[in-house]
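Notebook open, model loaded. I want to go through what I looked up, one entry at a time.

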Amino acid sequence: MKELKKVSWRSPSNIALVKYWGKHGNQLPSNPSISFTLDKCYSETSLSVSEKDAKDKDVQLKFYFDKKENLAFRIKILSFFEGIAKDFPFLSKYALAIHSTNSFPHSSGIASSASAMSALALCLCDMEAKLKSDKNKTDNDKFLKKASYYARIGSGSASRSVYPVASLWGETAGVKASSDEYAIPFEDEVHKSFKKYQNSILIASSAEKKVSSRVGHALMKTNPFAKARFKQANQNMAEMISALRSGDLEKFGTITETEAMTLHALMMCSSPNFMLMNPSTVAMITKIKTFREASKLPLYFTLDAGPNIHLLYPENIKSKVIPFIQSELSEYCENGRIIWDQIGKGPTAIK
Ligand code: PMV
């Protein structure tokens with residue numbers, strides 16, 4: 001059938017500084033979170049619509065990942081569409097085709113749900129606006145808020161990927177516009193010392209995650225420390241916001257590392273329990289701390305729900321940090337694999 005319209009978006013991944021871990025209701029967070037938007041780790045997604053038989057009310061979808069049809073992803077997307085179908089009537093009106101790729105290798109152990117789901121949500125909102133010739137599309141703030149809202153329903157952390165530099169998701173004391181339903185931009189609040197921050201991702205293992213984030217979030221429902229954790233996350237948000245505003249790299253780094261370790265500690269004391277670091281992760285963390293103590297440089301790490309390390313540091317110490325990574329850390333990375341990323345400018349529509 002003839003293709004009627006097509007939209008394409010590139011959207012980045014993000015790295016949480018204060019972590020979202022635990023949720024309720026329809027993907028609502030148990031505590032607020034804040035992240036840096038990445039640059040080189042992104043997904044590119046296109047959505048096209050074609051005519052279909054008007055009597056057929058089912059969603060007709062073909063999904064391609066890296067140019068190959070992917071049935072497992074298709075099922076996930078269909079279930080996401082089911083939850084939002086009433087807001088996007090075009091989903092059942094046309095035959096849909098989605099093509100998606102990631103800039104980072106599929107098997108790098110880097111979570112792709114934030115970039116993939118934000119790219120898809122941007123495509124959905126853009127397509128809907130185009131089909132309706134919606135004037136609201138020209139209001140970029142409204143458009144991004146809406147994209148963030150639907151990205152959240154696809155994957156909580158994806159809500160934070162639609163904004164440049166930094167993004168905050170979840171009701172936060174003292175941040176009036178904050179909401180559990182969508183993320184808000186935080187770039188304007190971030191001190192200039194952070195604007196060119198580097199994020200070098202040390203791949204300790206590219207194996208698939210041992211625990212899906214869906215299972216991880218659910219384990220917080222019975223975690224004996226959940227209440228204390230949610231309280232701590234709110235305190236850390238307040239401290240992190242003040243560090244980001246004032247440009248306090250040390251305070252920023254201390255909270256970032258505490259958050260990473262807490263995320264892993266929570267997994268270790270869940271029932272069932274999980275160990276998401278591996279011996280290389282532990283060896284690298286030890287070396288990073290020793291290097292920081294000796295050099296007094298503001299080099300800090302964070303972790304996702306996996307063994308890979310995200311090193312965070314300002315651009316002006318790059319010439320001292322890169323030789324350290326290469327001489328002391330790369331031997332712990334799987335096949336020496338490192339992704340040299342940095343803070344990014346947020347999503348872009350692809351012409
Ligand atoms: O967006 P999800 O459901 O994949 O959860 C993400 C959870 C963490 O990456 C561990 C933390 C975060 O805030 O991004």
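Predicted model: local features only at pLDDT ≥ 70, side-chain atom pairs only at ≥ 80, totals over all residues.

**Entry 1, the interface.** I started with the area buried between the two domains. Domain 1 and domain 2 bury about 3200 Å² between them, and 66% of that is on carbon and sulfur atoms. I then asked which residues supply it on the domain 1 side: Leu17, Lys19 and Trp21 account for 26% of the area that domain 1 buries against domain 2, more than any other three residues.

I checked the bounds next. Domain 1 runs over 3-190 and domain 2 over 197-342. For the contact, I find 35 residues from domain 1 and 42 residues from domain 2. I also looked up the spacing, and the centres of the two domains, taken over C-alpha atoms, are 25 Å apart.

How many salt bridges does the rule find across the interface of domain 1 and domain 2? I get one.

**Entry 4, the ligand shell.** I moved on to the ligand and its neighbours. I find 13 residues around the ligand, and the closest are Tyr20, Ser155, Ser157, Arg160 and Ser213. Sorted by class, the shell has six polar, four nonpolar and three charged residues. Where does the ligand lie relative to the domains? Both domain 1 and domain 2 give residues to the shell, so the ligand lies between them.

I went through the polar distances one by one. A polar side-chain atom of Ser155 is 2.9 Å from an oxygen atom of the ligand. For Tyr20, a polar backbone atom lies 3.0 Å from a ligand oxygen. Gly156 also uses a polar backbone atom, at 3.4 Å from an oxygen atom of the ligand. Last, I looked up the cover: the ligand has 380 Å² of accessible area on its own, and the protein covers 92% of it.

How values were computed:
Residues numbered from 1 in each chain as written. Heavy atoms only, no water. Near = heavy atom within 4 Å. Polar contact = N/O pair within 3.5 Å; in protein donor to acceptor, adjacent residues only side chain to side chain. Areas by Shrake-Rupley, 256 points an atom, 1.4 Å probe, with all protein chains shown as cover. Nonpolar A, V, L, I, M, F, W, Y, C, P; charged D, E, K, R; others polar. Domains from an automatic or database assignment. Contact = heavy atoms within 4.5 Å. Buried area = accessible area lost by both parts, 1.4 Å probe. Salt bridge = Lys/Arg side-chain N within 4 Å of Asp/Glu carboxyl O.
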